[in-house]
Amino acid sequence: NENIQLEIRIVPYGDDLRLLVAQDVTQLRFMERVRSDFVANVSHELRTPLTVLKGYLETLNNANGTVPESTLKVFRRMEEQTARMESLVDGLLSLTRLESSTNQLMQKRVDVPLMLQSICDEVKLLADDHPSIELVVETGAGLLGAEQELRGAFSNLIVNAMKYTPPAGRVTVRWRDEGKGARLDVEDTGPGIAQHHLPRLTERFYRVSVEGCKNKGGSGLGLAIVKHALTRHGAELKIASTLGRGSCFSCCFPEERVLRGDFRTDAKIA
Ligand code: ADP
């Protein structure tokens with residue numbers, strides 16, 4: 001029956017036996033699709049009223065001189081919260097888009113060095129008082145994949161590093177060829193994350209309150225989006241972190257995704 005979905009696994013059984021396990025996952029996949037469609041629809045529907053709200057708030061905020069300063073302050077708070085809600089809705093939409101298995105992965109030639117340079121230039125403009133950021137491009141290698149998804153993943157990691165690292169700290173973005181595959185490291189000298197949190201960081205809405213930087217906004221969806229985008233490219237997200245010293249988020253791409261040879265980039269290679 002073509003409507004039945006089976007998942008087949010081989011599990012060790014004793015010293016030299018293996019079990020072939022076939023599990024009927026039809027119901028599970030169906031429920032996953034229902035959940036994903038529901039989240040996508042709700043997020044989509046929430047977008048329009050949010051845009052309208054934002055418009056009204058902007059008008060109110062521009063009413064300088066006619067409303068007392070205390071009221072303007074309230075408008076600004078409302079604007080912040082609307083922006084937060086908008087980023088949640090956008091995050092949920094990206095996540096459901098990535099999750100839907102019918103969505104085929106685009107196979108484009110992606111100039112990674114150029115992409116990283118543009119992300120780093122952009123994040124510098126985001127905050128006035130940001131840690132120093134260094135981009136080290138060791139290879140001109142590119143990737144075969146979906147440009148928007150890769151950009152989303154890389155910029156999430158770089159924005160996080162900038163967001164959680166104090167202004168006196170340092171963020172290093174390194175793109176390198178490992179012979180068998182390529183790797184992006186986003187390393188920071190920020191607060192670090194306790195070991196017991198690491199396995200759960202890529203779960204949706206999982207957040208850790210970071211000592212000294214309490215009000216960082218954020219939706220807790222960023223790393224879930226990164227993980228999904230990387231999985232679709234056959235890549236792995238590795239997280240290493242030491243409390244009080246910093247973190248390193250690495251995206252490890254398999255050899256078959258890496259474009260070498262005549263791949264050209266306009267970015268400067270170290
Ligand atoms: P958000 O940043 O929106 O909270 P993410 O999914 O991007 O959500 O990150 C999940 C959590 O992981 C964050 O709440 C933060 O506690 C932690 N985290 C992510 N990146 C870093 C980093 N570079 N340094 C310290 N903590 C981090």
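Q: How many helices and strands are there in the protein chain?

A: Helices (H or I, at least four residues) and strands (E, at least two) are DSSP runs, numbered from the N terminus. The protein chain here has 5 helices and 10 strands. This is a predicted model, in which local features need pLDDT of at least 70 and side-chain atom pairs count only at pLDDT 80 or more, while totals for chains, interfaces and linings use all residues. Residues are numbered from 1 along each chain as its sequence is written, and side-chain values use heavy atoms, with hydrogens and water left out.

Q: What box do the C-alpha atoms of the protein chain fill, and what percentage of the residues count as buried?

A: Taken along the principal axes, the box is roughly 80 × 50 × 40 Å. Buried means under 20% relative accessible area, exposed over 50%, and partly exposed in between (1.4 Å probe, protein chains only). Of the 270 residues of the protein chain, 37% count as buried.

Q: How many residues surround the ligand, and which are the closest?

A: A residue is near a molecule if one of its heavy atoms lies within 4 Å of it. The ligand is surrounded by 19 residues, and N160, Y164, D188, R207 and S219 are the closest. By type, the shell divides into 10 nonpolar, 6 polar and 3 charged residues. In that division Ala, Val, Leu, Ile, Met, Phe, Trp, Tyr, Cys and Pro count as nonpolar, Asp, Glu, Lys and Arg as charged, and the others, Gly among them, as polar.

Q: Which polar atoms lie by an oxygen atom of the ligand?

A: A polar contact is a pair of N or O atoms within 3.5 Å; within protein, one must be able to donate a hydrogen and the other to accept it, and residues adjacent in sequence count only if both atoms are side-chain atoms. R207 places a polar side-chain atom 2.5 Å from a ligand oxygen atom. From V208, a backbone N or O atom lies 2.9 Å from an oxygen atom of the ligand. For G222, a polar backbone atom is 3.3 Å from an oxygen atom of the ligand. On its own the ligand has 530 Å² of accessible area, and the protein covers 98% of that. Accessible areas come from the Shrake-Rupley method with a 1.4 Å probe; for residues, only the protein chains shown count as cover.

Q: Which elements give two or more residues to the shell around the ligand?

A: They are α4 (147-164), α5 (222-232) and β9 (246-253). The largest share, 4 residues, comes from α4.

Q: How far does α4 reach from its first C-alpha to its last?

A: The expected span of a helix is 1.5 Å times one less than its number of residues. With 18 residues, α4 reaches 26 Å, close to the 26 Å expected. Its buried residues include E149, F154 and N160.

Q: Where in α1 does a kink lie?

A: The bend at a residue is the angle between axes fitted to the seven residues ending there and the seven starting there. In α1 a kink of about 25° lies at R47, shortly before the proline P49. Helix α1 (residues 26-61) has 36 residues and reaches 52 Å from its first C-alpha to its last, close to the 52 Å expected. Its buried residues are S36, V39, S43, L50, L57 and N61.

Q: Why does N61 count as buried?

A: N61, in helix α1, counts as buried because its relative accessible area is 11%. A polar contact of 2.6 Å joins its side chain to that of E79.

Q: What is the phi of F205?

A: Most residues other than glycine have a negative phi. F205 has a positive phi of about 70° although it is not a glycine. F205 is placed in the loop between β7 (182-188) and α5, and at 45% relative accessibility it counts as partly exposed.

Q: How far apart are E32 and S100 in sequence and in space?

A: E32 and S100 are 68 residues apart in sequence and 9.5 Å apart in space, C-alpha to C-alpha. E32 is found in helix α1 and is partly exposed, with a relative accessible area of 35%.

Q: Is C248 buried or exposed?

A: C248 is buried, with a relative accessible area of 16%, and lies in strand β9. The C-alpha atoms of C248 and G190, 58 residues apart along the chain, are separated by 9.9 Å.
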